[in-house]
Amino acid sequence: MRHRPAVFCCGLVVVLTTAACGGSGSGASGTATPSTSVQAQKYAKARFVANAGLAAGATYQWIIKPYRAGTFKQGAEGRKLALVKAGLAGTFAYNRLRAAVNNAKADPLLSKAVAPLTAGIDSLKELGSKLRKGQASDADIASAQNVIQDVKDAGQSVGATVKEQVPSVGQLSGG
């Protein structure tokens, strides 16, 4: 009699876990899928905003801000660590911007607004590597800043306001 609540809880956990994972042979991936195109568009905008916000936050916090402070200059205190963080941030921002473009494809208005920006986003592909090696130029930093602003403007034009979200160093490194 004393063990019934524990047995009941364990059984409930097994049932809920099985249901959440889609059971055996159901082919469910365990991720929420929108049931209507309206929901798909809503989720697309939300995902776009989240990914673009993380890219913007990483770019500002770990690239633009230290660059303006002169931390990337030869002989600056903390230069090596700042370059490593900036390199990670550049790679992270590129990855999140690519994800944001993919999210935008599910929303007709957003996809039209973001489509012209793919070339600019692709131009950032090597930014992380350049930053890590200390080879980024003023033009590279300005380009990154312009691409982020263009993505924010494109989102704003269709009601998907992007706000900077600064990722942690752990997020930058994929942790």
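Author: One term is needed at the outset: a residue is buried under 20% relative accessible area, exposed over 50%, and partly exposed in between, with a 1.4 Å probe and protein chains only. The model is predicted, so local features need pLDDT of at least 70 and side-chain atom pairs count only at pLDDT 80 or more, while totals for chains, interfaces and linings use all residues. Residues are numbered from 1 along each chain as its sequence is written, and side-chain values use heavy atoms, with hydrogens and water left out.

Reader: Why is Val169 called partly exposed?

Author: The relative accessible area of Val169 is 35%. Partly exposed covers what lies between the limits for buried and exposed, so Val169 is partly exposed. Val169 is placed in helix 8 (residues 169–172). Leaving aside neighbours within four places in sequence, Val169 is in contact with Trp62 and Lys85, contact meaning heavy atoms within 4.5 Å. Val169 and Leu88 are 81 residues apart in sequence and 8.5 Å apart in space, C-alpha to C-alpha.

Reader: What makes a stretch of the chain a helix?

Author: Helices are DSSP runs of H or I with at least four residues, strands are runs of E with at least two, and both are numbered from the N terminus.

Reader: How do you know that the span of helix 7 agrees with its number of residues?

Author: The expected span is 1.5 Å times one less than the number of residues. For the 20 residues of helix 7 (residues 138–157) this gives 28 Å, and the end C-alpha atoms are 28 Å apart, so the two agree.

Reader: Which residues of helix 7 are buried, and what puts them on the same side?

Author: The buried residues of helix 7 are Asp140, Ile141, Ala144, Val147, Ile148, Val151, Lys152, Ala154 and Gly155. They cover an arc of only 160° around the axis, and therefore lie on the same side of helix 7; the arc is that of the directions from the helix axis to the C-beta atoms. On the face turned away from this buried side are the exposed residues Asp138, Ala139 and Ser157. After helix 7 comes Gly159, whose phi is positive, near 85°.

Reader: Why is Asp140 called buried, and with which side chain does its own make a polar contact?

Author: Asp140 has a relative accessible area of 16%, and therefore counts as buried. Its side chain makes a polar contact with the side chain of Lys130, at 3.2 Å. A polar contact is a pair of N or O atoms within 3.5 Å; within protein, one must be able to donate a hydrogen and the other to accept it, and residues adjacent in sequence count only if both atoms are side-chain atoms. Not counting residues up to four places away in sequence, Asp140 touches Leu127, Lys130 and Gln135.

Reader: What makes a set of residues a nonpolar core?

Author: The set must consist of buried Ala, Val, Leu, Ile, Met, Phe, Trp, Tyr and Cys residues joined through side-chain atoms within 4.5 Å. The largest such core here has 38 residues, and those with the most contacts inside it are Phe48, Leu97, Ile121 and Val151. Helix 2 (37–69), helix 3 (79–104), helix 4 (108–114), helix 6 (127–133) and helix 7 each supply at least two residues of this core. Helix 3 gives the most, with eleven residues. Phe48 touches, among others, Ala100, Leu110, Val151 and Val162. In soluble globular proteins, nonpolar side chains tend to be buried together.

Reader: Are Leu83 and Lys133 buried or exposed?

Author: Leu83, in helix 3, has a relative accessible area of 6% and is therefore buried. Lys133, in helix 6, stands at 58% and is therefore exposed. The C-alpha atoms of Leu83 and Lys133, 50 residues apart along the chain, are separated by 7.4 Å. Leu83 touches Phe72, Leu131, Arg132 and Gly134, not counting residues up to four places away in sequence.

Reader: Why does Ala119 count as exposed?

Author: Ala119 lies in helix 5 (residues 118–122), and its relative accessibility is 54%, so Ala119 counts as exposed. Ala119 and Val147 are 28 residues apart in sequence and 9.6 Å apart in space, C-alpha to C-alpha.

Reader: How much of the protein counts as buried?

Author: Of its 175 residues, 33% count as buried.
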